[in-house]
Amino acid sequence: MSLIRRSNVFDPFSLDLFDPFDGFPFGSGSSSGGSLVPRTSSDTAAFAGARIDWKETPEAHVFKADVPGLKKEEVKVEVEDGNILQISGERNKEQEEKTDTWHRVERSSGKFLRRFKLPDNAKAEQVKASMENGVLTVTVPKEEVKKPEVKSIQISG
């Protein structure tokens, strides 16, 4: 069984930008693999480069982002307006030498930025982040759900 990832178009909590050229060999989209035309680094292409999973557990919302080759100092995790989680960073382009001959350039470089609207039950002031083996993990604890108090009423008569 394989996992099928839905597009962010169907995710009401995602604040990502839509790239109408995604998938075209000449556009700025992230899936222009196999293109004979070299891609240029742009903000739109970099947005699509940061792949993030978001799962909800009974205790927290957990975000996992693949950021291979980046140090924790190159990644920034912020909470804006108390309910917007923002994950950003930058992967610098490799230094080019005049004598080098490039045969293929597939690794992406540039800035990335992802924003997620946190649900009402998120404790945004207690966000924790860690990075291990190129995976950034951001944990946003959830408020405990208060069980409604039920009081039995005697029926007379």
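Rings of Phe, Tyr and Trp (for Trp, its six-membered ring) are taken to pair if their centres lie within 6.5 Å; planes under 30 degrees apart count as stacked, over 60 as edge-to-face and the rest as tilted. By this criterion the structure holds three aromatic pairs. The structure is a predicted model, in which local features need pLDDT of at least 70 and side-chain atom pairs count only at pLDDT 80 or more, whereas totals for chains, interfaces and linings use all residues. Residues are numbered from 1 along each chain as its sequence is written, and side-chain values use heavy atoms, with hydrogens and water left out.

Strands are described first. Helices (H or I, at least four residues) and strands (E, at least two) are DSSP runs, numbered from the N terminus. Two strands are said to pair if DSSP finds at least two bridges between them. Four strands form an open sheet with antiparallel pairing, in the order 1-2-7-6. Strand 1 (52–56) and strand 6 (128–132) are the edge strands, and each pairs on one side only. On average, neighbouring strands of this sheet are turned by 15° against each other, direction ignored; for such angles, axes are lines fitted to C-alpha atoms, for helices over the stretch in contact, and angles run from 0 to 180 degrees between N-to-C directions.

Within this sheet, strand 1 and strand 2 form a hairpin with three residues between them. Their antiparallel pairing extends over five bridges, and Ile 52 stands opposite Ala 65 in strand 2. On the way across the sheet, strand 2 and strand 7 pair in the antiparallel sense over seven bridges; here Ala 60 stands opposite Pro 141 in strand 7. Strand 6 and strand 7 (residues 135–141) are likewise antiparallel, with five bridges, and Ser 130 faces Thr 137 as its opposite residue in strand 7. Five of the seven residues of strand 2 are buried, so this strand is largely enclosed by the rest of the structure. Buried means under 20% relative accessible area, exposed over 50%, and partly exposed in between (1.4 Å probe, protein chains only).

A further open sheet is formed by three strands in the order 3-4-5, again with antiparallel pairing. Strand 3 (75–80) and strand 5 (110–117) stand at its edges, each with a single partner strand, so one side of each is left without a neighbour in the sheet. Neighbouring strands of this sheet are turned by 15° against each other on average, direction ignored. Strand 4 (residues 84–91) and strand 5 pair over eight bridges in the antiparallel sense, and Ile 84 stands opposite Lys 117 in strand 5.

Ser 88 lies in strand 4 and is buried, with a relative accessible area of 12%. Contact means heavy atoms within 4.5 Å. Leaving aside its neighbours within four places in sequence, Ser 88 is in contact with Glu 74, Val 75, Lys 76, Phe 112 and Leu 113.

A pair of aromatic rings is described by the distance of the centres and the angle of the planes. Among the aromatic pairs, Trp 54 and Phe 116 are edge-to-face, at 5.8 Å centre to centre and with 75° between the planes. This pair links distant parts of the chain, as Trp 54 in strand 1 and Phe 116 in strand 5 are 62 residues apart. Trp 54 counts as partly exposed at 24% relative accessibility, whereas Phe 116 is buried, with a relative accessible area of 3%. Ring pairs link Trp 54, Phe 63 and Phe 116 into a cluster. The C-alpha atoms of Phe 116 and Phe 63 are separated by 9.9 Å, and these residues are 53 residues apart along the chain.
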